[in-house]
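Subject: Structure for you to look at

Hi,

Here is the structure I promised. Please open it and keep it beside this email while you read.

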Amino acid sequence: RGFRVSAPTTTHPGMPTLSTPSRALFALALLLGVAAVADAQASTATEHTGFLIDILCWDRTNHVAIDGANLETEPEKHTVHCMADIQSCRDSGFAVLAEKAGGGGYEIKYRLDAAGNTNALAYLDALKAAEGGNRNNVKVTVSGDLASDAVTLRSASVKTPTDMKMDDKKGSAGRLSSGLALVVAAVCAFLTTFIL
C-alpha cells in the first residue's frame, strides 16, 4: 500500500477527521512524546556516596559542628552521638557531602527530604546500637529521586556503602531501557496501523 493523502472529511459539523496515514503519524508522535517524558522522569533517579551530616551543624559558624568537627574540612570526625542524640541536630534534617570540584574541602551535594531524613535517623539509630555513639566517619550511600531544585533527594534510602569511594551515579540503565521500550512500542503501533 502506498500513502494516500486525502482531504479532511467531517463526520460532525466542524470536526475534521484524519486519514489513516495522518492518524498513524499522530499516534507515533504521541508515543514518542510519552517516551521522551518517561525518559526525563527516569533520569532523576540518583545515587551518591558521601559523608552524612545534620543541617544544624552544617549551618553553624565555619561549619564547625557541636561535637567540634569541622564539617567542611574533616567531616569524618562528626559523631553519631551528635547527629542522633542531640535533639536539635536530629530534628534539623540531613545532607550528604561531596568533595568540592577543585578540592579544598567538602560541600553539600544533596539534602534529604522528610522521608529521607526518617531513613537517615533509622540508619543512625541502628549504627549507634551496633557501634556506639562515639562512632564517627559516617559515610553512606543515598539513593532517591532528584527534585527539580537539583539538590533535594526525595524518599532517599540510606545504607552503608558497598565501597568507600565517593561517587555519584544517575539511573542511566533504567532510563535507557524504559525509553527504548517506549520507542519500540511506538514503532510497533505505527507499523501495525498499516498492516491491519
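Two strands pair if DSSP finds at least two bridges between them. Strands (E, at least two residues) are DSSP runs, numbered from the N terminus.

The model is predicted: local features need pLDDT of at least 70, side-chain atom pairs count only at pLDDT 80 or more, and totals for chains, interfaces and linings use all residues. Residues are numbered from 1 along each chain as its sequence is written, and side-chain values use heavy atoms, with hydrogens and water left out.

Start with strand β6 (residues 139–146). Five antiparallel bridges join β6 to strand β7 (residues 152–159). L146 stands opposite L153 in β7. Five residues lie between these strands in their hairpin, where A150 takes a positive phi near 65 degrees. β6 also runs antiparallel to β3, with seven bridges. There, T46 has G144 in β6 as its bridge partner. Seven of the eight residues of β6 are buried, so the strand is largely enclosed by the rest of the structure. Buried means under 20% relative accessible area, with exposed over 50% and partly exposed in between (1.4 Å probe, protein chains only).

Now the cysteines. A disulfide needs two cysteine sulfur atoms within 2.5 Å. The count is zero. C57 is buried, at 0% relative accessible area. C89 is buried too, at 0%.

Best wishes

Technical notes
Helices (H or I, at least four residues) and strands (E, at least two) are DSSP runs, numbered from the N terminus.
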